[in-house]
Amino acid sequence: MTVSSAANAVLAKARAMYGKRLTAQNYTDLLACRTVNEAAAYLKAHTAYADAFEGVTMGSVRRRQIEILLREHLLNNFASLCRYEKSIGDGFYKYFVTLSDVDMLLHSVRYLNSRHPENNLAKVPDFFMRHSELNAAALETATNADLLLAAVEGSPYKAVLAPFVSAGRPDYFGMELALNKYLRSQAEALIKKNCSGKARKELDAMYAFDTDAENIVSLYRLKRLTNMPQSVLLTMLLPGGTLGEKELTGFMKAPNAEEALKTLKGTAYAAFAERGDLSVEQVSAKLRYDRAKSLVRFSTYPSVVMMSYVALAENEAENLTHIIEGIRYNIPPEEISRLLLGVGD
């Protein structure tokens with residue numbers, strides 16, 4: 001297969017997967033489900049998530065199990081795309097390997113933090129495991145911070161996580177931030193090494209936009225909950241955004257979180273200042289969703305379309321998580337629907 005035909009295959013496959021997204025009717029039907037098992041049965045019978053429930057005994061499936069199955073479905077889709085992308089030679093599939101690694105590590109960190117009796121990692125596709133530097137079996141049996149570090153011995157993640165373990169006690173927030181920073185740095189390095197021209201410009205813009213949106217949300221939360229000095233707040237930022245020192249300083253020096261959002265008026269992120277009844281998290285998700293939706297439809301670059309598809313697929317998984325948890329805790333459908341993004345697009 002030539003490079004151009006392989007690129008076209010990646011574009012076609014990503015867009016075909018996007019075409020299998022849930023419809024407005026699917027969402028309506030899911031919101032009408034009365035139990036978690038009813039929702040799982042619907043997903044198996046009427047949507048592209050049928051394969052996620054293959055071999056699963058319906059009728060006794062639990063909320064947490066469904067969330068793991070949906071995550072496995074997502075990872076399998078990503079791996080399927082990566083097999084195509086690897087044939088182009090761009091090397092961007094390595095980003096998805098790192099994404100899978102960070103996903104496993106963040107799950108393990110959250111498990112240690114929650115003290116849940118079971119560390120149920122999603123089953124990682126063989127493609128990712130062949131290229132990963134992690135030992136999933138060791139991670140799954142890591143019941144404390146020292147064992148977590150032992151599980152990543154020999155991988156680059158040891159240096160990422162080790163500074164956040166002191167006397168066997170983990171700094172969970174520090175670990176999560178460090179892993180996300182590592183993922184960003186790897187993405188930027190791959191873009192710089194393997195992409196050029198308009199493809200690089202689109203990827204750089206996408207990553208910078210996502211970084212800015214995440215940083216705004218993080219700073220807003222921190223300003224609401226703490227009185228950290230600017231020097232400390234700066235260490236909490238993900239690298240690679242476009243917000244300059246002037247904008248960030250104005251945001252951080254604002255007297256409170258709401259006033260901080262007002263400093264974004266006149267920027268590409270004015271929607272945060274004009275959010276109305278939406279939470280800052282919802283504004284961030286919507287801005288990123290709208291950009292990804294446009295790029296997955298109109299970009300001609302495989303890596304850009306892959307990244308956009310990932311953002312949209314993860315949004316759909318987030319929607320399903322809201323629905324499953326809403327049903328589990330008897331939240332009215334109209335309240336659940338307010339948390340959903342991209343329904344019917």
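Analyst: Below, each label is set against its definition.

Analyst: This is a predicted model, where local features need pLDDT of at least 70, side-chain atom pairs count only at pLDDT 80 or more, and totals for chains, interfaces and linings use all residues. Residues are numbered from 1 along each chain as its sequence is written, and side-chain values use heavy atoms, with hydrogens and water left out.

User: How many helices and strands does the protein chain have, and what makes a helix or a strand here?

Analyst: The protein chain has 18 helices and 2 strands. Both are DSSP runs, numbered from the N terminus: helices are H or I with at least four residues, strands are E with at least two.

User: How do you know whether the radius of gyration agrees with a compact globule?

Analyst: The radius is taken over C-alpha atoms, and the globule rule is 2.2 Å times the number of residues to the power 0.38. For 345 residues, that rule gives a value near 20 Å; the protein chain has 21 Å, so the two agree. The C-alpha trace spans about 55 × 50 × 50 Å along its principal axes.

User: Why is S196 called exposed?

Analyst: Exposed means over 50% relative accessible area, buried under 20%, and partly exposed in between (1.4 Å probe, protein chains only). S196 has 56% relative accessibility, so S196 counts as exposed. It is found in the loop between helix 10 (172-194) and helix 11.

User: And why are C33 and C82 called buried?

Analyst: C33 is at 9% relative accessibility, so C33 counts as buried. C82 is buried because its relative accessible area is 0%. Across the protein chain, buried residues make up 48% of the 345 residues.

User: What span is expected of helix 16, and what span does it reach?

Analyst: The expected span is 1.5 Å times one less than the number of residues. Helix 16 (residues 280-298) has 19 residues, with 27 Å expected. From first C-alpha to last it reaches 28 Å, close to that value. Its buried residues include V280, V283, S284 and L287. An α-helix has 3.6 residues a turn, so residues three or four places apart point the same way.

User: What makes a space a cavity or a pocket?

Analyst: On a 1 Å grid over the protein atoms alone, a cavity is a set of points where a 1.4 Å probe fits but cannot get out. A pocket is an open set with protein on both sides within 12 Å along at least five of seven lines, and lining residues have an atom within 4 Å of a point. Grid points are joined across faces, edges and corners, and a volume is the space filled by probe spheres set on the points.

User: How many cavities of 30 Å³ or more are there, and which residues line the largest?

Analyst: There is 1. The largest cavity has a volume of about 40 Å³. Its lining is I216, L219, L243, E247, L248, F251 and L264. Helix 13 gives the largest share, 3 residues. By class, 6 are nonpolar, none polar and 1 charged. Here Ala, Val, Leu, Ile, Met, Phe, Trp, Tyr, Cys and Pro count as nonpolar, Asp, Glu, Lys and Arg as charged, and the others, Gly among them, as polar.

User: What lines the second largest pocket?

Analyst: It has 21 lining residues, and M17, K20, R21, Y309 and E316 lie nearest its centre. Its volume is about 310 Å³. Helix 17 gives the largest share, 6 residues.
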